[in-house]
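User: I am new to this structure. Could you show me how to read its main features, one at a time?

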Amino acid sequence: MAEDLTSTARAEAQPLSDTDNVDDMYLTFALGSEEYGVGIGRVTEIVGMQRIMGVPDVPAWIKGVINLRGKVIPLLDVRLRFGMPERLYDERTVIIVLDVADAPVGLIVDGVSEVLDILPSQIDRPGQFGRGSKSPVMGLARVGERVTILLDAEVLVGDDDLAIPADMVA
């Protein structure tokens, strides 16, 4: 009887360990021929491109804002943020909406790839590749024969850069 209870407890505990692994899960996306990833715990949704309202006096990589179901969401073009050439948005271009510091922020990317489970042992710290603590690159993940560049959403989306005038948020 005790064995049956132990087996049942393990079976019931299994789903909990799956949710514990959310910290090891990354949504991967493409920018050109490179693959990047952000922690899935920050992703709230993925939406297609829509009409973007420009905002004056912001860096070029902040494309503007969208109104998504009554919420004003600033959009960051990740290509431009990384100094890559701008390209026309197409049917694969999407917006990854993240929750950063309790506020929604949209990342415009070339396309979404997949969700990967990446263990800490598969991640190398960028060290010499970053520009110190302000680099959005938090690690380089080895996934089979591929390398995925993992991004720190909070550094990528610096609060100062995304400040939207208060009268626009109303």
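Analyst: Strand β4 (residues 62–68) pairs with β5 in the antiparallel sense, over six bridges. Strands here are DSSP runs of E with at least two residues, helices are runs of H or I with at least four residues, and both are numbered from the N terminus. Two strands pair if DSSP finds at least two bridges between them. This is a predicted model, where local features need pLDDT of at least 70, side-chain atom pairs count only at pLDDT 80 or more, and totals for chains, interfaces and linings use all residues. Residues are numbered from 1 along each chain as its sequence is written, and side-chain values use heavy atoms, with hydrogens and water left out.

User: How do strands of a sheet pair in general? And which residues of β5 are the bridge partners of leucine 68 and isoleucine 62?

Analyst: Strands of a sheet pair through backbone hydrogen bonds, either parallel or antiparallel. Here, leucine 68 has lysine 71 of β5 as its bridge partner. For isoleucine 62, the partner in β5 is leucine 76.

User: In which sense do β5 and β7 pair?

Analyst: Strand β7 (residues 103–109) and β5 pair in the parallel sense, over three bridges. Aspartate 77 stands opposite isoleucine 108 in β7.

User: How many residues of β4 and of β5 are buried?

Analyst: Buried means under 20% relative accessible area, exposed means over 50%, and partly exposed is in between (1.4 Å probe, protein chains only). In β5 (residues 71–77), five of the seven residues are buried, so this strand is largely enclosed by the rest of the structure. In β4, five of the seven residues are buried too, so β4 is also largely enclosed by the rest of the structure. For the protein, buried residues make up 36% of the 170 residues.

User: What is the strand order in the open sheet of six strands?

Analyst: The order is β8-β1-β2-β11-β10-β9, with mixed pairing. The edge strands are β8 (111–117) and β9 (123–124), and each pairs on one side only. Strand β1 (residues 25–31) pairs with β8 in the antiparallel sense over five bridges. Alanine 30 has glycine 111 of β8 as its bridge partner. The protein has four helices and eleven strands.

User: How many aromatic pairs does the whole structure have?

Analyst: Rings of Phe, Tyr and Trp (its six-membered ring) pair if their centres lie within 6.5 Å; planes under 30 degrees apart count as stacked, over 60 as edge-to-face and the rest as tilted. The whole structure has two aromatic pairs. Phenylalanine 29 and tyrosine 36 have ring centres 5.9 Å apart and planes at 15 degrees, so the pair is stacked. Ring pairs link Phe29, Tyr36 and Phe82 into a cluster.

User: Are phenylalanine 29 and tyrosine 36 buried or exposed?

Analyst: Phenylalanine 29 is buried, with a relative accessible area of 0%. Tyrosine 36 is buried at 7% relative accessibility.

User: Where does tyrosine 36 lie, and which residues does tyrosine 36 touch?

Analyst: Tyrosine 36 lies in strand β2 (residues 34–39). Contact means heavy atoms within 4.5 Å. Not counting residues up to four places away in sequence, tyrosine 36 touches residues including Leu27, Phe82, Met84 and Ile149. Tyrosine 36 and isoleucine 149 are 113 residues apart in sequence, and 4.6 Å apart in space, C-alpha to C-alpha.

User: Which ring does arginine 81 lie over?

Analyst: A charge sits over a ring if NZ of Lys or CZ of Arg is within 6 Å of the ring centre and within 35 degrees of the ring normal. Arginine 81 lies over the face of tryptophan 61, at 4.8 Å from the ring centre. Arginine 81 is in helix α2 (residues 78–81), and counts as buried at 16% relative accessibility.
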